[in-house]
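Here are a few friendly notes to read alongside the model. I have numbered the points so that you can check each one against the coordinates.

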Amino acid sequence: NVDPEKICIALNKEYNIEARPAWKPMHMQPVFKGSKAFSHYDDRFFCEELYKYGICLPGGDALTHEQQKYITDSLLKLIGE
């Protein structure tokens, strides 16, 4: 029951953490409508579920341990865990 868009907005507004919804899979983009798509999971497209529920958080090797902890703690506060 977690809305990824609301989480991204809250992370940006309340915690100054840049977050955004997951990227739209290529086979779902209008330019590729009608093109054949391939899945590695027995015709199940895991990427569609990831797109529906996923968010992109800051990442990279420049993040300190403290920054990673801040991001994780902030996210957990928002989802109530």
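1. A cut-off to start with: a residue counts as buried when its relative accessible area is under 20%, as exposed when that value is over 50%, and as partly exposed in between. Please also keep in mind that this is a predicted model.

2. Have a look at S74, which sits in helix α3. Its relative accessibility is 2%, and because the limit for burial is under 20%, S74 counts as buried. Setting aside residues up to four places away in sequence, S74 touches L11, Y15 and I17.

3. Y15 deserves a point of its own. With a relative accessibility of 17%, Y15 counts as buried too. Apart from neighbours within four places in sequence, Y15 is in contact with A10, Y70, S74, K77 and L78.

4. How many aromatic pairs does a search of the whole structure find? The search finds one. Its partners are Y15 and Y70, arranged edge-to-face, with 6.4 Å from centre to centre and 70° between the planes. The pair links distant parts of the chain: Y15 belongs to helix α1 (residues 4-15) and Y70 to helix α3 (residues 65-79), 55 residues apart. As for accessibility, Y15 is buried at 17%, whereas Y70 is partly exposed, with a relative accessible area of 42%.

5. Now to the largest nonpolar core. It has eight residues, namely I7, C8, L11, Y15, I17, A19, I71 and L75. Two elements, α1 and α3, each give two or more residues to this core, and the largest share, four residues, comes from α1.

6. For context, most residues other than glycine have a negative phi. Is N16 buried or exposed? N16 is exposed, with a relative accessible area of 71%.

7. Finally, the surface. V2, L76 and I79 form a nonpolar patch there, and together they have about 210 Å² of accessible area. V2 is placed in the segment before α1. With a relative accessible area of 47%, V2 counts as partly exposed, because that class covers values between the buried and exposed limits.

How values were computed. Residues numbered from 1 in each chain as written. Predicted model: local features only at pLDDT ≥ 70, side-chain atom pairs only at ≥ 80, totals over all residues. Heavy atoms only, no water. Phe/Tyr/Trp six-rings, centres within 6.5 Å; stacked < 30°, edge-to-face > 60°. Buried < 20%, exposed > 50% of the residue type's maximum accessible area, 1.4 Å probe, protein only. Contact = heavy atoms within 4.5 Å. Core = buried A, V, L, I, M, F, W, Y, C linked by side-chain atoms within 4.5 Å. Patch = residues over 30% accessible without salt bridge, like charges linked within 9 Å, V, L, I, M, F, W, Y side chains within 5 Å. Areas by Shrake-Rupley, 256 points an atom, 1.4 Å probe, with all protein chains shown as cover. Salt bridge = Lys/Arg side-chain N within 4 Å of Asp/Glu carboxyl O.
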